[in-house]
Amino acid sequence: VSARAAVVGIGQSPVSRRSETPLGQVAVGACREAIADSGLDVAEIDGVTAVSSQPFEGGGTADGVDIITPGFISRALGLQPVWTEDVTGMVGHSMVEAVHAIAAGTCRAVLVYRALNSPSGRYGQVRRGMASGPAQFTSPYGVFPPSGYAQHWRRYMHLYGGGREQMARFIVQNRDKALLSGEGYWACFRPEPLTVEGYMASRWVSEPFCVYDCDIPVQGCGAFVLTSAERAASASGRPAYVRGVASAHAPGRLQGRTYEDNMEHGRRLGQALWANARLGPGDMDEVEAYDGFSFMTPMWLEALGFAGEGEAMSLIADRERIAADGELPLNMTGGNQGQGRLHGVPQLMEAIRQVTARAGARQVPDANLALAITGTLVRPSALIFGGTPD
Amino acid sequence: MRTGIAAMAAERGLARQQGAMAQGVGMAAPVGKPIPVPDKVTQPFWDATREGRLVVQRCEDCKRFQHPPEPLCFACGSAAVGYEAVSGRGRIQSYSITYDTRDPAFESLQPYPVVLVSLEEQDDLIFLTNMPGVPLEGVAIDVPVMVEFEEIAEGVSIPQFRPVEEERQ
């Protein structure tokens, strides 16, 4: 199957922990950079899609300050879009929607962006008080995002082993990759390597997760321009062709999900992805497996067939196996753990750079196919990028 | 021991103080664990917990249990879903321990476990619990547990669980 759409431009803002710069300015900068990189005229952009919601409770709703909607970006850039969509999930979900819109002929060139806010004060601090809707069954128990994947890891350890000593080695080499990238929170603000001892001695967040198992909240934006594969072939830059997509919310209950529940859905997403692309895990030259919480990465590797059942922890603990010249080059800019809480931006950005030979010192030799998984195992999306349309 | 209105006023004063600290403002409502707000589907569940009974939604057609409650049976699609009392016995499926809560109502309880309990009626019947009063050493996968109820506000009880002895056959 020939690709229908391609990424022809990318833009990435600097990240910061606390910033006086309004998020709207940061986002517009990244979007302008992506459009310039694409070689398309601003007036050619006739579609805009994003996820504007923020991954914490209690945030504001001021458009341009707390959230960045497609309407804000359209006004700020003077666009006249014929298609806009504010979707749920992560940036990969909006990129899949962009591919659909282009394939359906709804529009010709789409700007996809994701702007993350880092609020002042303690992140996501919230006095909930009442619990309605799905929260009826979680908030009275003091449940917050790290709990679920911490429970999954605890279950995994019970079934297979794969404890903190292995994770420590993954996170340490993750930091090294992030520092090599020169981008993201750690490279820009705390450019020191992490040690296994440093990981083991760090404070708990949600045991077995310590602070280095959780991505650090940042403000920042990534932006992408997509157009049809035909148009891309005549564009100035080197396109990253979209060779396969999958995006699906897990059916069934959304509270009290077990490791087994989420692995079942992860495997389902994998089947959909490989069928859509007519490719398999053995075809991938580089993999970006989402890691908002560290343990998501080994879950994804097992769910999508990159590691056997119970084998992913020993794979990710082995620096050589997941290096640029290893058997599975993985999360080459350190993912969210290395870049910051950018909800899928680092994964898409790096997979696109790898297949267009723009990854600098991190370049995987002859990378032609790269996979970016963005999202949790409840609400995942995945895209395969190729240096060629088929 | 102070009683009556004096005690209540002192208690509210303390709670208001805690609330103000959490909110960073002068006046705030007392901080407590979040109160479940029943909806038309979940009302019978919360009515039962108030009476110290654990009921679970069950399909009258395919007999599958499901929790949390839904408007229809997710196994067979039937609209004939009712509530049925269950044993309250189960086992710990997994757990995590929270040290960095974001809700001030839980700060004094840290570190507290967030535990998944699989009920004996059906493996995928999962309840959450903090196992209040149980030492962290007592929280482990496969430990048998039994439901109990915690009154988190006047007339509002939530299911919790505590370890029990293994039943001998």
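What is the accessible surface of chain A, and what share of it belongs to carbon and sulfur atoms? In this predicted model, the accessible surface of chain A amounts to about 13,600 Å², and carbon and sulfur atoms contribute 50% of that area. Of the 390 residues in the chain, 63% are buried.

The secondary structure of chain A consists of 13 helices and twelve strands. The C-alpha trace spans about 55 × 50 × 45 Å along its principal axes. Among contacts of chain A with a separation of 6 or more, 76% are between residues 24 or more positions apart. The charged side chains of chain A comprise 33 positive and 39 negative groups, and 5 Å separates the centres of the two sets.

Within chain A, A:Glu350 lies in helix α13, which covers residues 345-355. A:Glu350 has a relative accessibility of 1% and is therefore classed as buried, the cut-off being under 20%. A polar contact of 2.8 Å links the side chain of A:Glu350 to that of A:Gln354. When residues up to four places away in sequence are set aside, A:Glu350 touches A:Glu286, A:Glu288, A:Met332, A:Thr333, A:Ala359 and A:Arg362.

Backbone geometry was examined next. Most residues other than glycine have a negative phi, and most peptide bonds are trans. A:Asn331, which is not a glycine, has a positive phi of about 40°. This residue is located in the loop between α11 (312-316) and α12 (335-339) of chain A, and A:Asn331 is buried because its relative accessibility is 1%. A positive phi, near 55°, is also found at A:Ala357, in the loop that runs between α13 and β11 (369-375) of chain A. A:Ala357 has a relative accessible area of 52% and so counts as exposed, for which the threshold is over 50%.

In chain B, the peptide bond between B:His67 and B:Pro68 is cis, with omega at about 0°. B:Pro68 occupies the loop between β3 (65-66) and β4 (81-85). Another cis peptide bond leads from B:Gln110 to B:Pro111, where omega is near -10°; B:Pro111 is placed in the loop between β5 (89-98) and β6 (112-119). The loop between β7 (126-129) and β8 (144-153) of chain B contains B:Glu137, which is exposed at a relative accessible area of 71%. B:Glu137 and B:Pro113 are 24 residues apart along the chain, and their C-alpha atoms are separated by 11 Å.

Methods:
Residues numbered from 1 in each chain as written. Chains lettered and ligands numbered in written order. Predicted model: local features only at pLDDT ≥ 70, side-chain atom pairs only at ≥ 80, totals over all residues. Heavy atoms only, no water. Helix = DSSP H or I, 4+ residues; strand = E, 2+ residues; numbered from the N terminus. Buried < 20%, exposed > 50% of the residue type's maximum accessible area, 1.4 Å probe, protein only. Contact = heavy atoms within 4.5 Å. Areas by Shrake-Rupley, 256 points an atom, 1.4 Å probe, with all protein chains shown as cover. Lys, Arg positive; Asp, Glu negative; His and termini not counted. Charge placed at Lys NZ, Arg CZ, Asp CG, Glu CD. Polar contact = N/O pair within 3.5 Å; in protein donor to acceptor, adjacent residues only side chain to side chain.
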